[in-house]
Amino acid sequence: EIGDRKALSWPRHLGFAAGRPEDGLCIAFGWEATGHIWRAYDEARRAGRALAHLTDALARIRPGAKINVMAHSLGARVVLSALPDMAPRALHRAVLMTPAELTSRSCSGLQSPAGRGAEFLNITSRENDLFDFLFEGLLAPHRPGERSLGQGSAAPGGNWLDLQIDHSETLDGLRKLGHRIAPATRRVCHWSPYLRPGMFGLYRAFLRDDLPLEALRSCLPAGPSPRWSRLLAPPRVSLPLPFAGKTPS
């Protein structure tokens, strides 16, 4: 974590650093994401097939073990691409942080037996609007209605929950559940879902089954903030009032 504020140890922050058997097994799944966006997008699909094979191997080695995944950006496409090749109920829970995948292309995975048998926590933020916009323009330039999953699901509900972490009502609801998440301080940030203080405590609770999806759903606002509402909001500048100051004696 030295020298790069984005280089956090996810296993350590998820509670796997102690090496205790009761904490479970944490596997870092790496894949080739270098080069231009179109190459990385295609590689994510191929990596998804490899991830599906890995879950098959884990199921043989540890029958009955619950397999959870946590992914950011194009890593979410890896997870969603893996679902059609996974066995039914191979995946227990998934955290997708500002996922870089198109809603239309996620349907086959989410409607597969593995997709219907898992629960998904989709972390969104208006801080990511610019990245979603660029992703949509590069991957679906001739389909103006196409959206990134980073903007939320086209049909949320059931086993899927969108969680907008720069919404004040969302933060209030999470606080009532015992999870204090630091407020957003940037207009644009792609890494907020894992850099924001308090997020890993939420992820640990969700992935370890200490936080039911319905408990989260019950304390959230009715809908997300409008797109671009953060980027286009007027600046918050505190100016002293002309009459403020020491009261004359």
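**Salt bridges and a surface patch**

Tutor: Asp 209 and Lys 66 form a salt bridge through their side chains, with N and O 2.8 Å apart. The model is predicted: local features need pLDDT of at least 70, side-chain atom pairs count only at pLDDT 80 or more, and totals for chains, interfaces and linings use all residues. Residues are numbered from 1 along each chain as its sequence is written, and side-chain values use heavy atoms, with hydrogens and water left out.

Student: What is a salt bridge?

Tutor: Side chains of opposite charge can pair when their charged atoms come close. The term requires a side-chain nitrogen of Lys or Arg within 4 Å of a carboxyl oxygen of Asp or Glu. By this rule there are 13 salt bridges.

Student: Where do Asp 85 and Arg 45 lie, and how far apart are their closest N and O atoms?

Tutor: Their closest N and O atoms are 3.7 Å apart, in a salt bridge. Asp 85 lies in the loop between helix H3 (74-82) and strand E2 (93-97), while Arg 45 lies in helix H2 (residues 37-61), so this pair links distant parts of the chain, 40 residues apart. Helices (H or I, at least four residues) and strands (E, at least two) are DSSP runs, numbered from the N terminus.

Student: Is Glu 127 buried or exposed?

Tutor: Buried means under 20% relative accessible area, exposed over 50%, and partly exposed in between (1.4 Å probe, protein chains only). Glu 127 is buried because its relative accessibility is 3%. Its salt-bridge partner is Arg 196, at 2.9 Å from N to O, and Arg 196 is also buried, at 6%. By contrast, Lys 66 counts as exposed at 55%, and Asp 209 counts as partly exposed at 31%.

Student: How is a nonpolar surface patch read, and which residues make the one here?

Tutor: Patches are made of residues with over 30% relative accessible area and no salt bridge; like charges are joined within 9 Å, and nonpolar side chains (Val, Leu, Ile, Met, Phe, Trp, Tyr) within 5 Å. Accessible areas come from the Shrake-Rupley method with a 1.4 Å probe; for residues, only the protein chains shown count as cover. Here a nonpolar patch of about 790 Å² includes Trp 38, Phe 131, Val 188 and Leu 232. Helix H6 gives the largest share, 5 residues.
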